[in-house]
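Open the model in your viewer and keep the selection panel at hand. The tour moves from stop to stop; select as you read.

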Amino acid sequence: MAKSMDMTRGRPARLIVTFALPLMLGTIFQQLYSLVDSAVVGRLLGVDAFAAVGAASFFGWLSFSVVLGLSQGFGVLFAQRFGAKTGLKRAVSMALLLTLALGAALTVLFQLAVHPVLLLVRTPDALLSGALAYLRWTLGGLVVTFLYNAAASLLRAVGDGRTPLVAVILSSVLNIVLDLLFVAALHLGISGVALATVLAQFFAFGYCLWKLRAYPDLLPALGDFRLEAGTLHELLRLGAPLAFRDAVISVGGLVVQSVINGYGVLFVAGTTAARRYFGLMEMAGGALEGALATFVGQNYGAGEGDRIRAGVRICVRIAVVCAVAVALLITALGRPLLGLLVAPGEEAAQAIGVGYANLCAIALCLPALYLLYVYRSALQGIGRPFVPMLSGFAELLLRIAAVYLLPRWFGVWGVYFAEPAGWVGAGLLLCVSYYRCQKKMRF
């Protein structure tokens, strides 16, 4: 495995930063694609179409987050078994079976639920058909999305961050090309944007699968596909709580979206524009989360407790510095960046005002989100998914309470601070739990 990285040896800071950089670069390309995708919709299809995609985004994130949570949980077991140098092929084979079975079941479930949920969250009539079309197409590719994320989790678990990075770069470029082809040339509208996303995900999975041929020690033989209850249980024990946590957080997002929908199309468009830049704002924290989860997982499998503690301390310091730097940058450049997403005009100016205020609220609380990522990934890496799952409930309850109570005193600013309120509460819970767990387990 020439391209893998054994993170149980070497300086923790260098290993974590080296592994985090490809993850961050991948996020940058994903977000650049997302921004171009939004600009194609906003400038070629108009503000209503832009708002329709925004109204669909939280249900889309709900489906994606379940897949992502399961894949992250699978990745924890992959990393632990790679660190322990045993049982990895069986974990890969059982994960593949679960991915196909759960992916098919989730596709059916979400397709049945999408229309009632859009009605439940009071999606404006002018946006309903566009939001529904977008989600029908993206949900149709859920199995492919699941397969790609499981393959990427496997590669990252053994220290290969380069292959998923290249897959993201190439698929993002392809996605942009297909966006322009389907929307500008073939006039497929919102459905064309969604179809481009699905095809790009399929390409990313194919690329990862092709590259996995270079890792014979990861590829299971036919005999490895015998059902093994213990491995299936471990995969579900680690993956299901994370999927459930992310689903719960997404439900909070749906509640927030229902309140946002009540403020009208321009408010929806403004918050949608801010959300498109949120991915860039959190990219350093997300990269640290992925790197630390792999680092902790491998070292926990190898029994290296001192290295786990050192890695977490390093990530805490990096997280705070990065969060402050990103927050200052986005508040300085927020308005012109938002203006890139929608065609000029009076309505666009109102939407940009809403979006900038939302960005400022997010920037103020960004350090809390980054620390949440650090402590959550540390707990996941040592195979303790219960508290990260519980943090999802804390975030849900705080977001719901904030979005209904804060506007009474602070007006629309209460809506902007609803999500950050959840980060603060969940981050405190994870922080306390990590240090209690560290003391109890003496790692």
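**Salt bridges**

Begin with the charged side chains: the count comes to seven salt bridges. The rule is a side-chain nitrogen of Lys or Arg within 4 Å of a carboxyl oxygen of Asp or Glu. Before going on, note that this is a predicted model, in which local features need pLDDT of at least 70, side-chain atom pairs count only at pLDDT 80 or more, and totals for chains, interfaces and linings use all residues. Numbering runs from 1 along each chain as its sequence is written, and side-chain values use heavy atoms, with hydrogens and water left out.

**Stop 1: Glu 304 and Arg 9**

Select Glu 304 and Arg 9. They form a salt bridge, with the closest N and O atoms 3.5 Å apart. The pair joins distant parts of the chain, 295 residues apart. Glu 304 sits in the loop between helix H10 (283-301) and helix H11 (305-339). Arg 9 belongs to the segment before helix H1 (12-45). Helices here are DSSP runs of H or I, at least four residues, and strands are runs of E, at least two, numbered from the N terminus.

Now colour by accessibility. Buried means under 20% relative accessible area, exposed means over 50%, and partly exposed lies in between (1.4 Å probe, protein chains only). Glu 304 is partly exposed at 25%. Arg 9 is exposed, at 54%.

**Stop 2: Glu 234 and Arg 237**

Move to helix H8 (residues 229-261). Glu 234 and Arg 237 are three residues apart there, so about one helical turn separates them. Their salt bridge has its closest N and O atoms 3.0 Å apart. Glu 234 is partly exposed, with 22% relative accessibility. Arg 237 is partly exposed too, with 30%.

**Stop 3**

Select helix H14 (residues 386-410), which holds both Arg 399 and Glu 395. The two are four residues apart, about one turn of the helix. Are they buried or exposed? Both Arg 399 and Glu 395 are buried. The closest N and O atoms of their salt bridge are 3.8 Å apart.

**Stop 4: Thr 107**

Go to helix H3 (residues 88-120) and pick Thr 107. Thr 107 is buried, with a relative accessible area of 16%. Which residues does Thr 107 contact, leaving aside its neighbours within four places in sequence? They are Leu 139, Leu 142 and Val 143. Contact means heavy atoms within 4.5 Å.

**Stop 5: Asp 125**

Next, select Asp 125 in helix H4 (residues 125-140). Asp 125 counts as exposed, at 71% relative accessibility. Asp 125 and Ala 52 are 73 residues apart along the chain, and their C-alpha atoms are separated by 9.9 Å.

**Zoom out**

Show the whole chain as a cartoon. It has 16 helices and zero strands. The radius of gyration is 21 Å, close to the 22 Å that the globule rule gives for 443 residues, so the chain is as compact as a globular protein of that length. That radius is taken over C-alpha atoms, and the rule is 2.2 Å times the number of residues to the power 0.38. Along the principal axes, the C-alpha atoms fill a box of roughly 60 × 45 × 35 Å. Buried residues make up 58% of the 443.
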